[in-house]
Amino acid sequence: MISSEVHTSAAPALDFSATKAVVWLSATAFLALLMLYFIGMDQGAVSVTGDNMYVHEFLHDARHLLGFPCH
């Protein structure tokens with residue numbers, strides 16, 4: 001059977017308003033800076049997390065990738 005009905009579904013319109021863009025960019029920048037601070041705060045020898053080195057060792061490769069000295 002041949003049907004002449006064409007089913008079209010329109011995708012919902014995307015909201016590209018400046019206000020929404022500013023909110024998303026601000027949230028992304030804040031989270032990126034928070035992550036950068038968390039990676040950079042633990043200096044190894046002068047660790048802010050106490051005597052253990054768990055945080056430093058967990059973030060060790062990321063610190064080198066971002067150029068933080070830790071040795």
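Predicted model: local features only at pLDDT ≥ 70, side-chain atom pairs only at ≥ 80, totals over all residues.

Guide: Two helices, α1 (18–41) and α3 (60–66), each contribute at least two residues to the nonpolar patch. The patch consists of L33, L36, L65 and L66, and its accessible area comes to about 430 Å² together. One of these residues, L33, belongs to helix α1. L33 counts as exposed because its relative accessibility is 58%, and the threshold for that class is over 50%.

Helix α1, a contributor to the patch, has the highest confidence in the protein, at a mean of 89. The lowest confidence among the helices falls on α2 (residues 54–58), with a mean of 71. Over the protein, the mean pLDDT is 76, and 69% of the residues reach 70 or more.

A polar atom of the S17 side chain lies 3.3 Å from the backbone nitrogen of K20. With a relative accessible area of 29%, S17 is classed as partly exposed.

Of its 71 residues, 14% count as buried. The protein exposes about 6400 Å², of which carbon and sulfur atoms supply 70%. Among contacts with a separation of 6 or more, 22% are accounted for by residues 24 or more positions apart.

To return to the part requested: the patch is formed by L33, L36, L65 and L66, with α1 and α3 each supplying at least two of its residues.

Technical notes
Residues numbered from 1 in each chain as written. Heavy atoms only, no water. Buried < 20%, exposed > 50% of the residue type's maximum accessible area, 1.4 Å probe, protein only. Contact = heavy atoms within 4.5 Å. Areas by Shrake-Rupley, 256 points an atom, 1.4 Å probe, with all protein chains shown as cover. Patch = residues over 30% accessible without salt bridge, like charges linked within 9 Å, V, L, I, M, F, W, Y side chains within 5 Å. Salt bridge = Lys/Arg side-chain N within 4 Å of Asp/Glu carboxyl O. Helix = DSSP H or I, 4+ residues; strand = E, 2+ residues; numbered from the N terminus. pLDDT = per-residue confidence, 0-100. Polar contact = N/O pair within 3.5 Å; in protein donor to acceptor, adjacent residues only side chain to side chain.
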